[in-house]
Amino acid sequence: MKDETVPPEASAAVGVECGEDVALQLISDRRGSAVWKATGPRRSVAVKVGTGPEGTVITAREAAALHAMGRGGILANGRGRHRAWMVTPWYDGPSTWEILAGVRAGGGDRAMARRQMAAVCDAVAELHTAGWVHGDLQPGHAIHTPLGVTLIDCSWAWHPSRLLPSHLFRGGIPHLLAPELAAAVEAGALPVTTSRSAEVYTLAASLWWAITGDWPLDYEAVHLDPTGVKAGELREVIGSGRLPLRPPLVWPAVLGVLADALSPDPGRRPTAEALSALLRR
């Protein structure tokens, strides 16, 4: 395995897990964090390296979260002055975004889509039952493996007694933020603390986005072009709780269920477990 940006310690850990003659494939490289798929004769693993002030801290925090979760989600990790790295299992399977590609195109196996969406909700419910909040749910952060859905990119996960929220977290993709969370970010709350109810909102918004290819909130109804405003302005508008949802025209039976979870009132949202049951009906 040869790549000058992968620390020697990480390369050694990959060799232990995968065997000799490892091939590297760059999966993503953005905002101080790069991820490779390393494949050897024994298995494949993911290698994440964070560099720079924020990338180092964020990658080290994700490693700490995976250790605290205690699910075998991390195989090795380390941190230096300007770089942090970790090696995790490689989860084979499509993301939720990929699973719902056929539905977005106007077809697809809708019975299968319902089952897979419910499986994402089950994974979130299991996390919540254990006291954790993921913090950054997106259609690309849930991998549908033969053994079930695995949630990845846990940099912002938190637990009341095992790992407190990070002061670096700014809420994630604004379009997926619950109104109360968007308002908290814009009010300067530190740390930004994602509740389970706010996460159910983000879960439903992520599924809506993956089904339709559109954000769930109807920006056109208030004459707002979301591509033309800064993230802070967008969070301020979302935080008002006055933006309506888009009409659920594509798949009313499912989008109607998701609409309930997208209520601006946190008390009216179902739990992740209840949302799973509703999607299965």
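R269 is found in the loop between α9 (252-261) and α10 (272-280); helices (H or I, at least four residues) and strands (E, at least two) are DSSP runs, numbered from the N terminus. The model is predicted, so local features need pLDDT of at least 70 and side-chain atom pairs count only at pLDDT 80 or more, while totals for chains, interfaces and linings use all residues. Residues are numbered from 1 along each chain as its sequence is written, and side-chain values use heavy atoms, with hydrogens and water left out.

Is R269 buried or exposed? R269 is buried, as its relative accessible area is 8%; buried means under 20% relative accessible area, exposed over 50%, and partly exposed in between (1.4 Å probe, protein chains only). The side chain of R269 forms a polar contact of 2.7 Å with the side chain of E180. The side chain of R269 also reaches the backbone oxygen of S263, at 2.8 Å. A polar contact is a pair of N or O atoms within 3.5 Å; within protein, one must be able to donate a hydrogen and the other to accept it, and residues adjacent in sequence count only if both atoms are side-chain atoms. Leaving aside neighbours within four places in sequence, R269 is in contact (heavy atoms within 4.5 Å) with several residues, including A178, P179, S197, A198, Y201 and D260.

A second residue, Q25, lies in strand β1 (residues 23-30). Q25 is partly exposed, with a relative accessible area of 46%. Not counting residues up to four places away in sequence, Q25 touches V35, W36 and K37. Between Q25 and G108, which are 83 residues apart along the chain, the C-alpha atoms are separated by 30 Å.

The view now widens to the whole chain. The chain has ten helices and seven strands. Its radius of gyration is 19 Å, close to the 19 Å that the globule rule gives for 281 residues, so the chain is as compact as a globular protein of that length. Here the radius of gyration is taken over C-alpha atoms, and the globule rule is 2.2 Å times the number of residues to the power 0.38. Along the principal axes, the C-alpha atoms fill a box of roughly 55 × 45 × 35 Å.

Of the 281 residues in the chain, 48% are buried. Among contacts between residues at least 6 apart in sequence, 64% join residues at least 24 apart.
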